[in-house]
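Dear colleague,

Please find below the structure that I am handing over to you. I would be grateful if you would look through it alongside the notes that come after it.

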Amino acid sequence: MMRAALQRWLALVLVLVAPVSHAEGLRRFALVVGNDEGGEETRPLRFARGDARKMHALLSRLGGVAPGDGRLLLDESSKGFLAALTELEARSREAQARGERTALLVYYSGHAKDGALRLGNSRLGFEDLKRRLAGAPADIRIAILDSCRSGALTRTKGARRAPAFELDSGASHDARGLVILTSSAADEDSQESDALGGSYFSHHLASGLLGDADRSGDGRVTLFEAYSHAYARTVADTAASSAGAQHPTFSYDLAGNGDVVLTDLRASSEGLVVPGLAPAGMYYFVDPAGLVVAELDKTPDVERRVALAPGTYRVKRRMSDRLRIGEVEVSRGRQAVLEESRLRDAPFSDDPVKGVAPDGGSWWTVGLSGSMQSFFDAPTRESLFLSVGMVGAEAQLHDYFRRDWVWGVDVAVGGKQALLALPTLSGPAYRYSVTSLGTTLFSEWPHGRVAPFVGARMAYLVMRRDFEDASLPDQKYAMFSPGLVAGLRWQPLRHLHLTGRARLHYLLYTVDEQRSLGFWELGALVTYQP
Amino acid sequence: MRYPVLACLCLAMSACGGDFSNDDLEFLNALPQREDLAVKLPGGRQKGAGQRLSPDKGALAVRLGEASQLVGDTDETGQEFNEGVDGLLSFLEAIRQLPPTRREPDRRIWGPYRDNNHPGFDTRFVMTRAGERFDYQLEYRRTNQGEDAWWAFLVGAFQADAGIRKGTGDISLETGRARGKAFTTGMEALDRLEIHYQTQALPTRVELVFDYALPALLPAKYVFREGAGSVVEMTFEIGGTDLVPGGQPEDVALTTRWAPDGRGLGSLEVLRGDITGAKYTECWDRLGRVTFIARSWDFFTPTEGDRTTCPDVSALDP
């Protein structure tokens, strides 16, 4: 009797410890890829690279990936992707040859369309990637794809569109095979959030890996815990979005069984402990930029651990009628304890969560322009306001007021030598010059590296003519001039933009008589994006 | 918040406008400048560089190599001519410095302004255009009088011919009318001063006519012409000159022509006097020294010197 009870206890211990022992005996390689650009017919993402950075840092800090075994690729092409994968495969093969168990994790955040990952202008087919991972020399291959319609990769054996899966915990031998997590189903877009400063899926996956997904409270977050958590939170957060709910998918083709520990919260000596006595509810941990870096769904009387990196965080607990907010300092090498007494009541208006918009996602450019200005009315352009070439400088602020809105200020000058030709006066030589100060607000519709735009502009024009003959007075005219602008921006290089544009302007002339004039400008702009 | 916005709007609107006008240029082009009307004699002589033909001289007794009396006469007369032109144009110079006060189709008005030089008077300048013809008037009225009280002190017209102040024009200064309006001008001896000019083709011509209120010894009419190659001509009359011994003084018509290098040819015709109809011709070198003389009334020595020393000034021939 006693022996039978002991055997059952030992079996239970073995089951519980199995993932731990697997994790500790596993050499982990990680390829983390982020690319905001998706080439033609896509609009640039805002947070794909940022999500990749966060995931790389998290896997390095908590995921057991040694510094030399992780690769972070940003804005690389499919060629770079495959080259890095080849390198990691080679290292995994060498490790296997030495008798080590290995895991290869590939995380991708970026565009996907038409059955392929879109890395800038290059593509990597889902099936090609799947075949490549299926044959990769690692005991466990895990692919996490945070991209639109990535669920197409899991529409095969083992595909699940729900978190309700279970693995046989009575594993008799180590798991081997391929696991694929995708952020959305085959017919869904993967959505980003300005408030989270990342994609919903990657945010909740990362938050789960920091501890929120550790339902068992054992200080370890397994692949399935992380996925279940990310699934539930992603669906919940996107249910009310205009794009509709986003459903992550899961596919596995495992021989053997057993769970895989993705992060070990105890691997980091620092972090935050939320005591069991702390009130239950949703806790949000906000970094100094106002972004939620981790969440925690606290249940009563259960101590939870959040593996926050060293730093200062604002803690928010949302209640039905108010917030409880406070600040906590996580020091290097120390576990901080969240004390409820250090939180205070605050109205919802004091929510410390800011999100990245508007200032976080904005970017700016400076550039030089060349253009041609000419009035529609022939007599005007021949004898009053001449057609001239202009050069100028310009600064633009993108995505500040609103996504894909651009506000710009510009200055341009132009001029030419000319001879006056009037009915009763011809021949005097003079220099005609134009100075233009303008501000423009326009909206872009990015498609890959190309972005057509339309907007409005207000310019302040100063025209002068200075006569060589001292008997003729130099003349000046200044006026505000409203107009429209349309054009095309092309980004051939990461820091370089080329823009072609046309402007149509109205100018009220009031000296000799009141006349409504119109002029056009055709120009090109070269801008540098720091 | 509302006030700064209003202030910004006002500031912006005040930064608008200007004087960029083709019509303004055409109107200004109709007004002559000194360089268009002034006598330009070559050599830049100083006043009194030559002798002067004068009533008390007694005779035209110049010899070869001596300073020409005609040169001196023309220099003096040219300066008087330019002073007359300056006096008239000074009324127009102020207009050039100011933008029009009112612009209307084919009409520009400067003023009215208070005339600080003539207390109690307002002044304005009105220009009108009809095709290529411009008319203008400098008008005065007593301060606080109505629109009907304006009277013209200076009246001008210009027929434009496309170039820079190229065309034909007339200006008259109504000094007699000003006198009647108790408007002091400093030109009380004159009833009218007129300028008629033609600058559209060579030879250009400027005619200055003095209409004296009282009989005067000074010439009443001066004509200055400039032909191709910068050859210039000055024509005027001198009355009461005792040109030759006899009982009567002579009224003479004097025409001098100048080459760009300063050499010249003078022709004097006796209109009235002892030798009515007689002609005297003289040539001079760059220094104004006589090189050739021809007297139509002298049977013994009708000519002296070398005629070939006379410059070619045929560009001004009809």
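Predicted model: local features only at pLDDT ≥ 70, side-chain atom pairs only at ≥ 80, totals over all residues.

Helix H5 of chain A spans residues 200-212, and helix H2 of chain A spans residues 48-62. The axes of these two helices come within 11 Å and cross at roughly 15 degrees. With a crossing angle under 35 degrees, H2(A) is therefore roughly parallel to H5(A). The crossing of H2(A) with H5(A) is left-handed. On the H2(A) side, the contact is formed by A:Asp51, A:Met55, A:Leu58, A:Arg61 and A:Leu62. H5(A) contributes A:Ser202, A:Leu205, A:Ala206, A:Leu209 and A:Leu210. Sorted by class, the residues of this contact between H2(A) and H5(A) are 7 nonpolar, 1 polar and 2 charged.

H5(A) also packs with helix H6 of chain A, residues 223-238. Here the axes are 8 Å apart, and the angle is about 135 degrees. H5(A) and H6(A) cross in a right-handed sense. From H5(A), the residues in contact are A:Tyr200, A:Phe201, A:His204, A:Leu205, A:Ser207, A:Gly208, A:Leu209 and A:Asp212. H6(A) supplies A:Ala226, A:His229, A:Ala230, A:Arg233, A:Thr234, A:Asp237 and A:Thr238. By class, the contact of H5(A) with H6(A) comprises 6 nonpolar, 6 polar and 3 charged residues.

Cavities

How many cavities of 30 Å³ or more does a search of the whole structure find? The search finds 7. The largest cavity holds about 80 Å³ of space. Its lining consists of A:Arg28, A:Phe29, A:Leu59, A:Gly63, A:Val65, A:Ala103, A:Leu104, A:Leu105, A:Ile142, A:Val260 and A:Leu262. Two elements of chain A give two or more residues to this lining, namely strand E1 (26-34) and strand E3 (101-109). E3(A) provides the largest share of the lining, with 3 residues. By class, the lining of the largest cavity divides into 9 nonpolar residues, 1 polar and 1 charged.

With kind regards

Notes
Residues numbered from 1 in each chain as written. Chains lettered and ligands numbered in written order. Heavy atoms only, no water. Axes fitted to C-alpha atoms, helices over the stretch in contact; angles between N-to-C directions. Helix = DSSP H or I, 4+ residues; strand = E, 2+ residues; numbered from the N terminus. Parallel < 35°, antiparallel > 145°, perpendicular 65-115°, else oblique. Left-handed = near helix turned anticlockwise from the far one by under 90°. Contact = heavy atoms within 4.5 Å. Nonpolar A, V, L, I, M, F, W, Y, C, P; charged D, E, K, R; others polar. 1 Å grid on protein atoms, 1.4 Å probe; cavity = no way out; pocket = protein on both sides within 12 Å on 5 of 7 lines; lining within 4 Å. Points joined across faces, edges and corners; volume = space filled by probe spheres on them.
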